[in-house]
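Colleague: Before I use these assignments, please take me through them one at a time, setting each value against the criterion behind it.

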Amino acid sequence: MVSPTVSDRVWTVPNLLSMLRLLGVPLFLWLILVLHADWWALFVLAAAGLSDWLDGKIARAWNQTSRLGTVLDPLADRLYIFAALLGLVVRGIVPWWLMAILVLRDALILGALPILRHFGYGPLPVNFAGKVATLCLLYSFPLLFIAGYASIVTDVARIIGWAFALWGTALYWWAGLLYAVQGLGLIAQTRRDERADHAGGLPAAGDSDSVRGHATDRPDPATPATADGDSGAVTDGSDRPSRPDQGRTGP
């Protein structure tokens, strides 16, 4: 399969949708925490979910995938998760520990970014488990808001909402574990490549003339080529994320 071209364009339709989605985060918090206008807040949340799906479809159909978009899209998802959790916790609808578990996972992912950058890698591409976890959590929050009202419908919403929330939380951490495994694998591979290149450049004992000036034909791990798809850049057909010096910025 041929990956879509990733451009440096800023003013694209998907990017504009992502920017509008980001502007909706403070509006959502104002409606939930100040006005207690739950139904309007749910409308904002639903519109954000629709735009999230739409900008991905447009980016693929119109070949408007951009490096900025690969940063804005997951950023908006995480901000909406945080905003919805904050509103639910402050309103006493969900316990604080649920928010703590999800925030801790994101804090660990952010803490790993400097380590990856030290070895020359940018943020890892979003995996399938992370996408499903985000969808489960975004589905659960409106249902949990509805569950705050007393009726038979809200009892059903509470059960389904908590099912989505618990499954989403479990998948969120599972995705984090997959990121950790992938990151450790990339670091280990880079170290092996560096040791191999270093060993290949050293002259053998008693035969320094035969290897002096020898250059290996191994690709340099510090300068991978980038060919990005929907979920992030990869290098030379492998699953490595792009390095920062290749123009990839910023899950």
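This is a predicted model: local features need pLDDT of at least 70, side-chain atom pairs count only at pLDDT 80 or more; totals for chains, interfaces and linings use all residues.

Colleague: How many salt bridges does a search of the whole structure find?

Modeller: The search finds six.

Colleague: What makes the contact between R21 and D55 a salt bridge?

Modeller: Their side chains come to 3.0 Å, N to O, and since the limit is 4 Å between such atoms, the pair qualifies. R21 belongs to helix 1 (residues 13-35) and D55 to helix 2 (residues 38-61), so the bridge ties together parts that are 34 residues apart in sequence.

Colleague: Which parts of the chain are linked by the pair of R91 and D38, and how far apart are the closest N and O atoms of R91 and D38?

Modeller: The closest N and O atoms of R91 and D38 are 2.8 Å apart, and the pair is assigned as a salt bridge. It links distant parts of the chain, with R91 in the loop between helix 3 and helix 4 and D38 in helix 2, 53 residues apart.

Colleague: Are R105 and D106 buried or exposed?

Modeller: R105 has a relative accessible area of 2% and is therefore buried; D106, with 18%, is under the 20% cut-off and so is buried as well. These two form a salt bridge with each other, the closest N and O atoms being 2.9 Å apart.

Colleague: How do you know that the span of helix 4 is close to what is expected?

Modeller: Helix 4 (residues 96-118) has 23 residues, and its first and last C-alpha atoms are 34 Å apart, which is close to the 33 Å expected at 1.5 Å a residue. Its buried residues are L98, M99, L102, R105, D106 and L116, and their cover includes helix 3 (67-90), helix 5 (128-146) and helix 6 (152-200). Just after helix 4 comes G120, with a positive phi of about 95 degrees.

Colleague: What span does helix 2 reach, and what is expected of it?

Modeller: Helix 2, with 24 residues, reaches 35 Å between its first and last C-alpha atoms, close to the expected 34 Å. The buried residues of helix 2 include A41, V44, L45, A48 and I58, and the elements that cover its buried residues include helix 1, helix 3 and helix 5. Helix 2 is followed by N63, whose phi is positive, near 55 degrees.

Colleague: Why does L42 count as buried, and what is it in contact with beyond its neighbours in sequence?

Modeller: L42, which is found in helix 2, has 11% relative accessibility and therefore counts as buried. Leaving aside neighbours within four places in sequence, L42 is in contact with P142, F145 and I146. L42 and F145 are 103 residues apart in sequence, yet their C-alpha atoms are 8.2 Å apart in space.

Colleague: Which residues touch the most other members of the largest nonpolar core?

Modeller: Among the 28 residues of that core, they are F28, Y80, I81, L85 and F141. Helices 1, 2, 3, 4, 5 and 6 each give two or more residues to this core. Not counting residues up to four places away in sequence, F28 touches A41, V44, L45, A83, A84 and F145. Apart from this core lies another, of nine residues, including F119, A129, L186 and I187.

Colleague: Which residues make the nonpolar surface patch?

Modeller: The patch, of about 720 Å², is made by W96, W97, I101, L104, L108, L166 and W173. Helix 4 and helix 6 are the elements that give it two or more residues, and helix 4 gives the most, with five. Patch residues need over 30% relative accessible area; W97, in helix 4, has 37% and so passes that cut-off, while counting as partly exposed.

Technical notes:
Residues are numbered from 1 along each chain as its sequence is written. Side-chain values use heavy atoms; hydrogens and water are left out. Helices (H or I, at least four residues) and strands (E, at least two) are DSSP runs, numbered from the N terminus. The expected span of a helix is 1.5 Å times one less than its number of residues. Buried means under 20% relative accessible area, exposed over 50%, partly exposed in between (1.4 Å probe, protein chains only). Contact means heavy atoms within 4.5 Å. A nonpolar core is a set of buried Ala, Val, Leu, Ile, Met, Phe, Trp, Tyr and Cys residues joined through side-chain atoms within 4.5 Å. Patches are made of residues with over 30% relative accessible area and no salt bridge: like charges are joined within 9 Å, nonpolar side chains (Val, Leu, Ile, Met, Phe, Trp, Tyr) within 5 Å. Accessible areas come from the Shrake-Rupley method with a 1.4 Å probe; for residues, only the protein chains shown count as cover.
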